[in-house]
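Dear colleague,

Please find below the structure that I am handing over to you. My notes on it follow directly after.

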Amino acid sequence: MSEETRSPEQLNELHEQLKQQVADLEYESAADTLPKILSFLEQLPDDWTESREWVTVVAEVDNYLNEVQPELEKVLEETGAAITKIGKSKKGVRAYTK
């Protein structure tokens with residue numbers, strides 16, 4: 001997505017998509033959408049602060065990301081713990097079946 005084609009509407013669309021994915025517990029899809037939003041935020045037009053629409057959308061996205069961050073971190077921790085548990089179970093099964 002080039003800077004010329006970026007618009008507040010596109011950022012808002014990604015924001016709404018992420019909100020729906022998190023609400024539906026579609027974390028794998030959200031993991032694809034989140035980097036797009038972060039990239040979008042890193043490449044805002046130089047004069048974005050002069051546009052009320054840009055400022056509003058960026059503020060909404062920032063507030064949402066701050067709000068959802070603890071939930072996403074918790075899911076990441078739970079997923080990591082589950083993966084560790086699976087790994088230990090597999091080792092136990094291998095040791096038992098040898």
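The side chains of threonine 33 and glutamine 21 are joined by a polar contact of 2.8 Å. A polar contact is a pair of N or O atoms within 3.5 Å; within protein, one must be able to donate a hydrogen and the other to accept it, and residues adjacent in sequence count only if both atoms are side-chain atoms.

The model is a predicted one: local features need pLDDT of at least 70, side-chain atom pairs count only at pLDDT 80 or more, and totals for chains, interfaces and linings use all residues. Residues are numbered from 1 along each chain as its sequence is written, and side-chain values use heavy atoms, with hydrogens and water left out.

Threonine 33 belongs to helix H2, residues 27-42 (helices, H or I, at least four residues, and strands, E, at least two, are DSSP runs numbered from the N terminus). The 16 residues of H2 should span 22 Å at 1.5 Å a residue, and the end C-alpha atoms are 22 Å apart, which agrees; the expected span is 1.5 Å times one less than the number of residues.

With a relative accessible area of 1%, threonine 33 is buried (under 20%; exposed is over 50%, partly exposed in between, with a 1.4 Å probe and protein chains only). Ala30, Ile37 and Phe40 are also buried in H2. Beyond four places in sequence, threonine 33 is in contact (heavy atoms within 4.5 Å) with Leu14, Gln17, Leu18 and Gln21.

Leucine 18 lies in helix H1, residues 8-23, and is buried at 1% relative accessible area. Leaving out residues up to four places away, leucine 18 touches Ala30, Thr33, Leu34, Ile37, Tyr64 and Leu65.

Kind regards
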